[in-house]
Amino acid sequence: MSIVLPLDEEQRDALQELLNISMGQAANSLAQLIETKIDISIPKISAVTPTQLYSLLFETKDAFYTRQSFLGDVHGEVMSVLSQAGLSEVATLMDYDEPLSKEDIQEIILELCNILAGACLAGLSEQLELTTNLNMPTLFLPDKANFDELQWQHSLVMEVQFVIAISSFSMRVVFCLDDESLARMKDTLDELLA
Amino acid sequence: MFEQLVGKLPVGIGIVDEDFNVVYLNDFFLDRLPHNMRSCYKETPVVELFQGQGKFLKRRLKSVFVLQHPSFSYWEQRPHIFPFKSSRPITGEETQMYQNMEILPIKDKTTGQRLACIFLQDVTAQASYFRAQQKLSEALKKEHEAQRKLIRKLDTAQSQLIQAEKMASTGQLAAGIAHEINNPIGFVNANLNTLEQYASHLLAICDGVKTQLEHFTDDLKEQISVLFESNHYDLLKDDITELITESTDGLTRVKDIVENLKNFSLETTEGTQVVDICAVCHQLITLISAQYSSPQYKLQCEHEKVEVMGNPGPLKQALMNVMINAAQAIEEKGFIKLTVIDAAQSVTIKILDSGCGIPVKNLKRVFEPFFTTKPEGQGQGLGLSVAYTAIEQHQGKISISSKEAKGTVVEITIPKQSTAAASCCEESEVENSQAT
Amino acid sequence: MSLSVLVADDSKLSRRSVIRSLPQDLEYDITEATNGQEAINALSESEFALVLLDLTMPEVDGVGVLEFLHARPNTPNVIVISADFQPEKQKIVMALGAKRFLRKPLDKEELAMALFELGYL
């Protein structure tokens with residue numbers, strides 16, 4: 001089952017480009033901090049049902065998951081999926097000492113999410129001239145049953161992927177917007193396109 | 001006014017510059033500084049003022065200055081960034097303060113200088129509560145797990161008991177039936193033999209009369225011919241032999257069944273002796289392949305000889321029955337593989353076939369006496385029951401697993417030194433036996 | 001005479017913003033490509049004075065286009081306009097013969113400056 005994207009082609013294109021720019025900024029931020037090259041994907045924009053969102057998150061095998069919400073002109077949640085593979089190399093780049101404790105790993109995951117998701121959202125908001133504040137990320141484990149019980153019908157998701165070139169580490173960031181925020185963002189996009 | 005407010009806020013607020021030197025600390029931080037430092041904390045590197053997690057704090061501050069993006073830290077991962085005591089050093093359960101920290105990039109409005117603002121929250125109460133909860137939940141989880149294990153054990157024990165009960169009662173029943181049927185079969189068989197002889201005598205007489213017919217008078221000839229015809233002598237003569245042969249065959253079958261039932265109840269008198277499982281397997285393959293030629297047979301023995309103490313009759317019968325099932329499961333092409341695994345205390349025989357497999361719903365019932373999926377008259381449904389009882393008598397295990405259209409594996413494990421192998425089946429220990 | 005320019009970017013918004021950012025003092029003959037492969041096709045078919053090139057594109061990315069041009073003689077001037085401006089990426093791009101590297105979102109002044117330095121203005 002495919003759902004009609006609640007954006008027209010121009011809006012989608014614009015949003016994709018803005019995301020692309022935000023990702024560039026996010027990747028550059030992290031690259032600066034850990035002094036290594038980061039590859040970025042072409043952002044994907046789609047509308048999903050709760051079940052589809054669940055499978056989207058679980059495309060990566062053996063992963064860590066975090067979520068954080070953002071408030072302000074637009075509201076929503078950011079979910080990040082981080083591969084377990086390559087994480088220890090990234091930890092070394094982030095100046096952590098081996099061996100990593102469970103707490104170290106959690107801290108690294110949260111920090112990576114904070115940096116990448118945060119920078120991405122900040123970039124997007126800035127370009128759209130919207131104000132958003134991202135809350136602290138928390139670890140979570142998506143549960144299929146919970147997703148099946150979610151109240152919403154479908155949600156706009158924006159998905160971006162970062163890959164750290166020298167390790168096998170990859171991270172996907174999925175932005176979800178609520179309906180009201182989607183309407184606001186569409187208006188803003190239209191202003192931009194006018 | 002705001003300065004006072006910030007000073008008194010119940011969270012730690014500290015501001016550092018790009019060299020990580022302290023610009024401002026509110027009362028929350030100041031109250032926790034050593035007394036002599038309180039007046040001269042400004043322009044001091046923050047990591048000097050608060051030792052312990054210096055490396056981490058520096059890293060986070062650097063990240064905030066470079067990225068101009070807030071940074072968070074939670075007590076779960078890093079409980080004590082600043083070396084502060086718990087706010088209840090006397091009555092509290094925790095000695096050190098649990099902290100959540102947030103660092104925000106800020107800018108001095110007048111000078112444009114980049115600064116970082118550290119917020120520190122005392123979450124000791126939360127953390128302490130959370131940890132207590134966690135301990136509780138862990139204890140509950142353990143208990144729950146233990147209970148689940150117990151329930152599983154009980155379940156298995158129960159199904160084993162039911163199975164054993166079934167086998168035992170059917171075994172007794174079978175023995176009883178076998179005994180009861182044996183007597184009548186004895187005299188029916190004897191009578192039938194006599195009847196066969198009598199019949200042949202009678203036929204001989206009649207045939208004698210027929211050949212002497214020309215010597216009789218016409219009248220007599222006529223009368224005798226009418227007698228032969230009215231009694232359908234030709235038909236009768238053909239049929240009587242056939243009837244008797246059929247009855248004898250039928251009786252033989254009944255005898256077979258009774259024999260099997262007796263096997264099933266294992267009222268065999270052979271004693272315990274050394275049985276070479278490898279030799280038995282060789283023998284079986286020779287026997288079975290003569291009858292069922294389409295499968296390929298393979299035998300894999302670790303050693304040339306693998307000996308157990310056991311009752312050769314029932315053991316052979318058990319293996320034979322399993323093998324026959326395997327052979328019959330293969331219609332055209334396929335293989336049957338026997339593997340004999342020689343362990344220290346026991347021997348395991350795996351009989352694997354690439355045949356049609358057993359549907360899940362039937363798998364549970366295969367050891368039940370008289371359970372069969374063969375058309376009526378073609379199987380008694382006793383093969384695996386007999387095998388089960390025989391293996392149980394040897395204090396062994398027999399288990400079966402199967403996948404439809406893929407094949408079946410029957411695994412039989414018998415201890416090398418079975419203590420009760422020679423004694424009768426009744427009330428034997430069922431602890432090790434298991435039927436799937 | 002107008003300047004023949006190839007604008008290669010998968011985003012319409014971005015192409016529009018690039019075209020809008022071109023200084024008004026010159027006349028342009030603009031061709032648009034929506035991915036790297038289209039850009040390569042256009043470059044094989046006609047001559048361009050200037051290529052304004054995005055890096056993150058489907059089919060063939062910007063680096064692929066630069067590699068294609070790198071192997072040919074008489075290449076046009078390439079200005080890379082990309083959201084991915086990590087130093088490492090800039091190094092790769094410059095090594096493949098790009099003349100300038102500009103960040104997205106594109107700054108009008110920066111583009112004008114680049115065109116001036118390359119002698120168009």
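Biologist: What is the mean pLDDT of chain A, and what percentage of its residues reach 70 or more?

Modeller: This is a predicted model, in which local features need pLDDT of at least 70 and side-chain atom pairs count only at pLDDT 80 or more, while totals for chains, interfaces and linings use all residues. Residues are numbered from 1 along each chain as its sequence is written, and chains are lettered from A and ligands numbered from 1 in the order in which they are written. The pLDDT is the predictor's confidence in each residue, from 0 to 100. Chain A has a mean of 85, and the share of its residues that reach 70 or more is 97%.

Biologist: In which element of chain A is confidence lowest?

Modeller: Helices (H or I, at least four residues) and strands (E, at least two) are DSSP runs, numbered from the N terminus. Confidence in chain A is highest in strand β3 (residues 63-72), at a mean of 91. The lowest mean, 71, belongs to helix α5 (residues 144-148) of chain A.

Biologist: In what pattern do the helices and strands of chain A follow one another?

Modeller: Chain A contains 6 helices and 8 strands. Along the sequence, they give the pattern α-β-β-α-β-β-α-α-β-β-α-β-β-α.

Biologist: What percentage of the residues of chain A count as buried?

Modeller: A residue is buried if 20 or more other C-beta atoms, placed from the backbone, lie within 10 Å of its own, exposed if 12 or fewer do, and partly exposed in between. Chain A has 194 residues, and the buried share is 43%.

Biologist: Which residues does Leu116(A) contact, leaving aside its neighbours within four places in sequence?

Modeller: Two residues are in contact if their C-beta atoms, placed from the backbone, lie within 7 Å. With those neighbours left aside, the contacts of Leu116(A) are Ala26(A), Leu30(A), Phe162(A), Met171(A) and Val173(A).

Biologist: Is Lys333(B) buried or exposed?

Modeller: Lys333(B) lies in the loop between α9 (312-329) and β9 (335-342) of chain B. Because 9 other C-beta atoms are within 10 Å, Lys333(B) is exposed.

Biologist: Which element gives the most to the side of chain B that touches chain A?

Modeller: Here 10 residues of chain B are in contact with 14 residues of chain A. Two or more residues come from each of α4 (54-67) and β3 (71-73) of chain B. The most, 4 residues, come from α4(B).

Biologist: Which element supplies the largest share of the side of chain C that touches chain A?

Modeller: This contact takes 15 residues from chain C and 18 residues from chain A. At least two residues of the chain C side come from each of α1 (12-21) and α4 (87-95) of chain C. The largest share, 3 residues, comes from α1(C).

Biologist: Which residue of β5(C) is the bridge partner of Ser82(C)?

Modeller: Two strands pair if DSSP finds at least two bridges between them. Chain C has an open sheet of 5 strands in the order β2-β1-β3-β4-β5, with parallel pairing. Strand β4 (residues 77-82) of chain C is joined to β5(C) by 4 bridges. In β5(C), the partner of Ser82(C) is Arg103(C).
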